[in-house]
Amino acid sequence: MWERGRLPRKPRQSPIVVPPPPSPPPPPRLLAFLLPRSLLALAARGMPSRRPSPLLLLLLALALAFIFLLLSPSSPSASHLSSSLAAAAASSVSTSASSSPTPVKIYMYDLPAKFTYGVVRSYMAARARAGPAGAASAMPDDELRYPGHQHSAEWWLFKDLRRRGPRDHPVARVDDPAEADLFYVPFFSSLSLVVNPIRPSTAAANASNVAEPLYSDESMQDELLEWLERQPYWRRHRGRDHVFICQDPNALYSVVDRISNAVLLVSDFGRLRSEQASLIKDVILPYSHRINSFQGDVGVDSRSSLLFFMGNRYRKEGGKVRDTLFQVLENEADVIIKHGTQSRESRRMATRGMHSSKFCLHPADVIDYSDISIFVETSKAVQPGYLTSLLRGISSQRIIEYQREIKKVKHYFEYEDPNGPVNEIWRQVSLKAPLITLLIHRDKRLVERGPNGTNCSCICSTPKELLSK
């Protein structure tokens, strides 16, 4: 449409957009200064739309003069600034390339001695058969020897944190609790559980003519929590940033609800409920094996039996799965499966059996052994003939591949190894620190809590689908 009496306007041609030529490279020593966008916007708003203020123009002129003076190639300030920035950049690159992650700072409580060395002494005194009962109490701490059993990780972690000096470690012990990210509680909970049923020896009682009080693991647990609940760093976050070791499935059984906020170092979730422990907040430990490591080469020619297992036949839930496996496998010709408890003779038999078998039965674990083991569903494993048929179908070459992989990772299961499970446990603990910080911040919000103070938002609970795998 157009106005009457006027010719229509010719349409304008669309402009052709030509990309601008590339900007020339900046001078070698020229530094680029970028003003913040907010500052430019402020200057624009401050300038009148038509006639700028003389005072504002003067200020801008002085600012530009100062910038040009600073950026002048002959300016000593520019030279010093550019060299300083270059040195800082080079230092940053070299530091990031060579430095390792900052260790997580951990504070180990100086517990009353009865919770650490005192538990070892109670064990030695209760096991004394003859001689003075006070020999264990008179022995210096450094000479005490922790009794060997499969839950001895508490001793190795305790000794590791007591070792001083610089080292490449995922955690660093600090003496000031105000600097700590995590707090380690070094109670020998698994050994305390072992001491609990042991009664003082007759020789010890006759020597003193005084009936010694019976050791009570449950009382030790209660006294430990009473001591902790008086500590300000425990009360600060209700133990959220604390670490306990309870490797035996029954360790700390009477107080586990009161420490469920903390990081638990466990080997077995079998007796823990989902609101007490989970794969998300806790760390799984390998058992400390009691038999001699195999020192030979890989191969199957010297391994005459197909499958070996030796252990307690009746365990969790009355040993339903183990007992069924015993019934299914005990009559197989090339399978050795025996009931046994911890003793020197049992350890010798287990060493011979494991070293002469192609496979070893491992009824319960949550560690990923996919490169060194074969997983079998419980419902299928208890079917007569299923397990042995499966194992007999595996070629010798595949068995040797499993053996090679085991040799690569066996140091993760030998606590004596400097690069073994102790270092890996601390690494796993250090990885929990960001989650702990998150949960501490979330705890400051108004959330529903359980009767023991645990957060009912369930972020720490293990999903049921994980437990079913």
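**Strands, cores and a helix**

Tutor: Strand β3 (residues 182-185) and β4 run parallel, joined by three bridges. Keep in mind that this is a predicted model.

Student: What makes β3 and β4 a pair?

Tutor: Pairing takes at least two bridges between two strands. Three bridges join β3 to β4, so they pair. In one of them, phenylalanine 183 has histidine 242 of β4 as its partner.

Student: How do you know that β4 pairs with β5?

Tutor: By the bridge count again: three bridges join β4 to strand β5 (residues 263-266), and these strands run parallel. Phenylalanine 244 stands opposite leucine 264 in β5.

Student: Which way do the residues of β4 point?

Tutor: His242 and Phe244 point one way, Val243 and Ile245 the other, and all are buried.

Student: Which residues touch the most other members of the largest nonpolar core?

Tutor: That core has 63 residues, and Tyr109, Tyr184, Leu224, Phe244, Leu265 and Trp426 touch the most other members. Tyrosine 184 has contacts that include Val243, Ile245, Leu265 and Trp426. A second, separate core has 18 residues, among them Val335 and Leu391.

Student: How do you know that the span of helix α15 agrees with its number of residues?

Tutor: Helix α15 (residues 396-409) has 14 residues, which at 1.5 Å a residue should span 20 Å. Its end C-alpha atoms are 20 Å apart, so the two agree.

Student: Which residues of α15 are buried?

Tutor: Ile399, Ile400, Tyr402 and Gln403 are buried. They cover an arc of only 155 degrees around the axis, so they lie on the same side of α15. The buried residues of α15 pack against β9 (357-360).

Methods:
Residues are numbered from 1 along each chain as its sequence is written. This is a predicted model: local features need pLDDT of at least 70, side-chain atom pairs count only at pLDDT 80 or more; totals for chains, interfaces and linings use all residues. Side-chain values use heavy atoms; hydrogens and water are left out. A nonpolar core is a set of buried Ala, Val, Leu, Ile, Met, Phe, Trp, Tyr and Cys residues joined through side-chain atoms within 4.5 Å. Buried means under 20% relative accessible area, exposed over 50%, partly exposed in between (1.4 Å probe, protein chains only). Contact means heavy atoms within 4.5 Å. Helices (H or I, at least four residues) and strands (E, at least two) are DSSP runs, numbered from the N terminus. The expected span of a helix is 1.5 Å times one less than its number of residues. The arc is that of the directions from the helix axis to the C-beta atoms. Lists of a residue's contacts leave out its neighbours within four places in sequence.
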